[in-house]
Amino acid sequence: MTEPPRATFPARDAAAGPADLTLTPIGEPTRLRADAARNRRRLLEVAAELAAEYGVANVTMEAVATAAEVGKGTVFRRFGDRAGLMLSLLDHIEQQLQAAFLTGPPPLGPDAPAAERLRAFGPAVLRHEHAHRDLYIAARKEQTRRFNPSYQLRLTHLTLLLRAVGAPGDVDLVAHTLLGYLDTTLADHLLTAQRLPMERLDACWHDLVDRLGAPA
């Protein structure tokens, strides 16, 4: 899976001082104006770049404001605090993966047969989460992570694919089992501490879905 594109912004005169993006204050309706939505995406793209280059621990409200050339108050108005920024950043990163398996090209997207999509799903998740490992590992420390909307969407996606290929048994629990194999901390341990190649994890995923997803 290809890495998400890096954000590029037009040059501006530093002497002009911090830009004011005039974002919608916290507590306004979720549906943002087009310009506010663009500004929010811009801040999240900057935060994602900082996380990739310096690590999640170094992504602060002030660092995002400086990199985006806006006032720190702009970032606080948009996200509330650093916890809100991190949750929004995780959602922003997760949406890139979701777009790939919900509407993207084959073999991951909907134009491929269900069996091919099952085989492609695991490697896509492994590579995506490994590319953003700090953010996902931090999120996994929260007990509620397993029951959040992102996990539920992945679970529903796998359950539908298992049913589409005619997998036997309790496909709802099989889907949980498959997602357990893709756990971020497990994959990170295997890839970094055990130094297993990504291709070996891919092969094991393919073996799992071929066995668990084989038609009755």
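Q: Where do I start: how many helices and strands does the protein have?
A: Start with the element count. In this predicted model, the protein has 10 helices and 0 strands. Read from the N terminus, the order of elements is α-α-α-α-α-α-α-α-α-α.

Q: What share of the 216 residues is buried?
A: Buried residues account for 44% of the 216 residues.

Q: How do I read the packing of two helices, and what are the values for H2 and H3?
A: Two packed helices are described by the angle between their axes and the distance between the axes. Here H2 and H3 pack at about 120°, and their axes are 8 Å apart. Angles from 65 to 115 degrees count as roughly perpendicular and those over 145 as roughly antiparallel, so H2 and H3 are oblique to each other. Their crossing is right-handed.

Q: Which residues make the contact between H2 and H3?
A: On the H2 side you will find Met 61, Glu 62, Val 64 and Ala 65, and on the H3 side Lys 72, Val 75, Phe 76 and Phe 79. Sorted by class, this contact has 6 nonpolar, no polar and 2 charged residues.

Q: Are H4 and H7 roughly parallel or oblique to each other?
A: Apply the angle again. The axes of H4 and H7 cross at roughly 15° and come within 11 Å. Angles under 35 degrees count as roughly parallel, and H4 and H7 are therefore roughly parallel to each other. The crossing of this pair is left-handed.

Q: Which residues of H4 and H7 meet?
A: From H4 come Glu 94, Leu 97, Gln 98, Phe 101 and Leu 102, while H7 brings Ser 150, Leu 153, Arg 154 and His 157. The contact of H4 with H7 divides into 4 nonpolar, 3 polar and 2 charged residues.

Q: What is Leu 158 in contact with, leaving aside its neighbours within four places in sequence?
A: Beyond those neighbours, Leu 158 touches Leu 118, Phe 121, Ala 175, Leu 178, Leu 179 and Trp 205.

Q: Let's turn to the backbone. Where is Glu 69, which has a positive phi?
A: Glu 69 lies in the loop between H2 (61–68) and H3 (72–79). Its phi is about 60°, although Glu 69 is not a glycine. With a relative accessible area of 32%, Glu 69 is partly exposed.

Q: Is Arg 195 buried or exposed?
A: Arg 195 counts as exposed, at 71% relative accessibility. This residue has a positive phi of about 55° without being a glycine. Look for Arg 195 in the loop between H9 (184–193) and H10 (198–212).

Technical notes
Residues numbered from 1 in each chain as written. Predicted model: local features only at pLDDT ≥ 70, side-chain atom pairs only at ≥ 80, totals over all residues. Heavy atoms only, no water. Helix = DSSP H or I, 4+ residues; strand = E, 2+ residues; numbered from the N terminus. Buried < 20%, exposed > 50% of the residue type's maximum accessible area, 1.4 Å probe, protein only. Axes fitted to C-alpha atoms, helices over the stretch in contact; angles between N-to-C directions. Left-handed = near helix turned anticlockwise from the far one by under 90°. Contact = heavy atoms within 4.5 Å. Nonpolar A, V, L, I, M, F, W, Y, C, P; charged D, E, K, R; others polar.
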